[in-house]
Amino acid sequence: MDMTTVDRLPKQDRSRATRQRLLEAAVACLAEHGWAGSTVAVVAERAGVSRGAAQHHFPTREDLFTAAVEYVAEERSQALRALFPEGAQGADRRAVVAALVDLYTGPLFRAALHLWVAASNEEQLGPRVTELEARVGRETHRIAVDLLAADETRPGVRETVQGLLDMARGLGLANLLTDDRARRERVVSQWADLLDTALG
């Protein structure tokens, strides 16, 4: 959306569009430059808005970056569900495992990782990121359970699904340094077979 289009929108819609641009710019900055290189001024410039406008929407740096990661996490959850509109009925387990692993190999995961590292050192950020990650983690777990048609009343099933997500996060970490696609595809296939046995 270019600035001319934004200028023609009603005030509330302009405000929403500005907020969205700031959130997307914040995630991109965090993924590319890390916490130290991602200031409100840098994000505002990238989003094409004034620093004052950025601070109107997000009074503190912590507000901006936790909101940004939450926003993109919600977008990714919706995109994941949209890949499998039929839910578990239409979902091939290997495709579900691959889609879940993909959640941890893009810019969102890279941005979240920078936020985690910063939160371990920044007193004001720590509790906010811990709470955010708990919420994102619960939502991702719920989506995984739905798409895998996992019956969590059976012993060990909850831990199996959580193990899949922990493994996916590990593959995402490995992918930060090198393109690990070939090995990742083999691991995804193996996990899909394991899940067929474990989940029935």
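This is a predicted model: local features need pLDDT of at least 70, side-chain atom pairs count only at pLDDT 80 or more; totals for chains, interfaces and linings use all residues.
Buried means under 20% relative accessible area, so F65, at 0%, counts as buried. F65 is one of the residues with the most contacts inside the largest nonpolar core.

**The cores**
- The largest nonpolar core has 33 residues, and L22, V43, L64, F65 and L115 have the most contacts inside it.
- Leaving aside residues up to four places away in sequence, L115 touches L30, W35, F65, T66, V69, L125, V129 and L132.
- There's also a second, separate core of 28 residues, with L103, Y104, V145 and L164 among them.

**Where α2 meets α7**
- Helix α2 (residues 11-33) packs against helix α7 (residues 107-121) at an angle of about 75°, with the axes 8 Å apart, which means the two are roughly perpendicular.
- On the α2 side you'll find V27, L30 and A31, meeting P107, R110, A111, H114 and L115 in α7.
- Sorted by class, that contact has six nonpolar residues, one polar and one charged.

**Aromatic pairs**
- Searching the whole structure turns up three aromatic pairs.
- The ring centres of W35 and F65 are 5.5 Å apart with planes at 65°, so this pair is edge-to-face.
- W35 sits in the loop between α2 and α3 while F65 is in helix α5, so the pair ties together parts 30 residues apart in sequence.
- F109 and W116 are edge-to-face too, with ring centres 5.7 Å apart and planes at 80°.
- F109 is buried at 4% relative accessibility, whereas W116 is partly exposed at 24%.
- Ring pairs join Y104, F109 and W116 into a cluster.

Technical notes: Residues are numbered from 1 along each chain as its sequence is written. Side-chain values use heavy atoms; hydrogens and water are left out. Axes are lines fitted to C-alpha atoms, for helices over the stretch in contact, and angles run from 0 to 180 degrees between N-to-C directions. Helices (H or I, at least four residues) and strands (E, at least two) are DSSP runs, numbered from the N terminus. Angles under 35 degrees count as roughly parallel, over 145 as roughly antiparallel, 65 to 115 as roughly perpendicular and the rest as oblique. Contact means heavy atoms within 4.5 Å. Ala, Val, Leu, Ile, Met, Phe, Trp, Tyr, Cys and Pro count as nonpolar, Asp, Glu, Lys and Arg as charged, and the others, Gly among them, as polar. A nonpolar core is a set of buried Ala, Val, Leu, Ile, Met, Phe, Trp, Tyr and Cys residues joined through side-chain atoms within 4.5 Å. Buried means under 20% relative accessible area, exposed over 50%, partly exposed in between (1.4 Å probe, protein chains only). Rings of Phe, Tyr and Trp (its six-membered ring) pair if their centres lie within 6.5 Å; planes under 30 degrees apart count as stacked, over 60 as edge-to-face and the rest as tilted.
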